Structures are given as C-alpha cells and as structure tokens.
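Keep the structure in view as you read.

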Amino acid sequence: MSDYRVVYTDPAWALGERGEVDPRLAEIERTALPDDVRLDLGMMRDGEFVTEGPEFLEWIAGADAVVVYRAQVSEELADVLAGTCKVVARQGVGVDNLNGPVLARRGIPAFNVPDYCVDEVVTHTMALLLALERHICVQDQAVKQGRWNIFTGGRPRRLQELTAGIVGFGRIGRAVSRRLSGFYGRVVAYDPWVHGDLMVGHGVRKAHSLEALLTQSDAVLLHAALDDSSRYLVNETSLAHLRPGAVLVNAARGGLVRPEAVLEALRTGRLQGYAADVFTPEDPNRSEVNREILKFDNVVVSSHRAFLSEEAEKSQRTRVAEQVADILTTGEPPRFGRVA
C-alpha cells in the first residue's frame, strides 16, 4: 500500500493536558491503520482546531481519507477533496455536519457510527430528566451555599401519574422508552417513519402528530435526527401546544430547538424545566439568548457529552479507523453507517 494520508480535522481525544495535539494519544488509530499511513491530527490556531477558511482548505487538500468530529463538511471542502479523497467519516452518530448528499455528488462515500453510544446517551438523558424532576441541581447549590430547605426548587411531581413523550423513535428513542416505563405511568412517541405496531411492542403508544404528543406529555424528550425537516422542530408554534408545566429534554441536536422559543416558554412558565446537552452554537455561552436560558434555576445543562464513556470512545475510534483502513485498502464501500 502506498503512503495514504488520513486527516482527522478536530479530534478532541488527541488534545493533551495543555490543550495541544499529542500524537502519542493516537495509539488506537496507529494500531488500526496500516503502518505507512500519514496521520494528521488537526490544524490548530490559538488553542482551537481550524475547520474552515482558505488556509484550512489548502492544508486538507490531497487527503485520501478525512475524519470529522464537529467540523462541517461544506461545498468548498467537498470540492477540495474531490478526486483524491476515498472516504469521509464522522466520529459520532449525527450526520447533519457530514453533509452526505454534498459528498455523494463528488463521488465520495461517507459513514458515521450510528450505534456506539446508545447506552451512554440513554443514561445521560435520564440523568438530565430526573435532575429536573427532582430539582437536584437547585437543591445541590442551595445546600452548598448554606441554605438547608427541603422545599427549595419546589415540590417534585409523582412521575407514575404523568406521561412522558418521545420525539423520534430510532435506536435511542426506543432504548429511552424502556427506561422511562420504570418511572412514568405512560409513555407515548411521535415519529412519522415508525408504525404504531412497533411502538406497541415497546410498550409505547403512538402520537400521530407532534402537536398531539405535546398536548398530552408532562415530559418531552427529543431524540430525532437533525435535517431540513426537523430543524427548529421545537419553536414558538409547536410550544403553544405544550401542556403547561411540562419539562423538555434535548440530548439529540441543538438545531432541533429554537432557543428564543424556549426562553419565552421559561419566562412565561409554560415550561417548568429545560435540560439540554446540545445547543446552537455548540457553546451556549457564545449566544446571548442561550446565556439568558442558562440563568434559570430550572435549567440543567451539560457540554455535549451524553455520548461519553471510556468504552464508547474506544469503540467509536476503533471502528472508524478500522473501516477507513478497509476502504483505503480494498476500495469497497463502508460496511456500516453508510450515508453517501
């Protein structure tokens, strides 16, 4: 095999304690990829990965394989890769930044890893939800600040008398439904691509529209994929159907939610609580609207890490590197997670 160049655009796992790329951390990739592969672990400036612009495009040109994490595959990037790149991989589940159709038009196959972190995301979702329901974070801060009061944050709800609604009934939505059934008295789901018969097999009742789900759910959990049809699925119009006092959890994609709508629903009290692992932009502190959302006591957030565990990260990195190696050496299309 002849000197292939494999580029990882923004590998967070490759950053050492000082926030700089440490090639020694790529042991998994070195083991999975052929010995003579040239491995480039991102282009950095001022402590951050550069993932766009003329300098980045010049740097990535000529790559035989590209692995993206949160970098966006743009028309310009696809143009630069056309003719040399044999595959683009996404280190993750979501494919909204992979831009499969754009790559397909250039004849570049692409894949993600759709199932490496189901248990982690489900567990994180439940942690966010139960933290909201039991007012854990408000209590935590109060006690640490010397304010001992069992009623700080309000009185929690009895979950067995409530309905939980799931938006999106794919791998994660189905796994979440099993956990929810142990806490909530009733579980419903909305997914236009999944028949009610399958939902019944999971002990879930089908809601035939998003509005129908919102009107009957005391807790709403988002597990839909992000595409043009689902962007800002939760907005001012849809939230008008939300059962007053419901809580909302987003551990899927930031783009599913219009933050202005969530902020207004929190201000009016229509939303009793909001939990999110994902935002647009990625860091909510970089958005004026999201910064306002963070000020509410009944908001619980984390930094897009629902997928994270030592085991999940190792599995994802290994599977990506092994499949990239297989595509480079055989020319065969991806065996899993194929999106283009």
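How do the residues of the lining of the second largest pocket divide into nonpolar, polar and charged? They split into 22 nonpolar, twelve polar and eight charged. Here Ala, Val, Leu, Ile, Met, Phe, Trp, Tyr, Cys and Pro count as nonpolar, Asp, Glu, Lys and Arg as charged, and the others, Gly among them, as polar.

First, some ground rules. This is a predicted model: local features need pLDDT of at least 70, side-chain atom pairs count only at pLDDT 80 or more, and totals for chains, interfaces and linings use all residues. Residues are numbered from 1 along each chain as its sequence is written, and side-chain values use heavy atoms, with hydrogens and water left out.

Now take the largest pocket. A pocket is an open set of points on a 1 Å grid over the protein atoms alone, where a 1.4 Å probe fits, with protein on both sides within 12 Å along at least five of seven lines; lining residues have an atom within 4 Å of a point. The largest pocket holds about 1200 Å³ of space, a volume filled by probe spheres set on the points. Its lining has 36 residues, and Thr51, Arg70, Ala71, Gln72 and Glu282 lie nearest its centre. That lining divides into 13 nonpolar, ten polar and 13 charged residues.

The largest nonpolar core has 57 residues. Such a core is a set of buried (under 20% relative accessible area, 1.4 Å probe, protein chains only) Ala, Val, Leu, Ile, Met, Phe, Trp, Tyr and Cys residues joined through side-chain atoms within 4.5 Å. Val6, Tyr8, Leu129, Leu180 and Val324 touch the most other members. Apart from this core lies another, of 32 residues, including Ala207 and Val220.

Technical notes
Buried means under 20% relative accessible area, exposed over 50%, partly exposed in between (1.4 Å probe, protein chains only).
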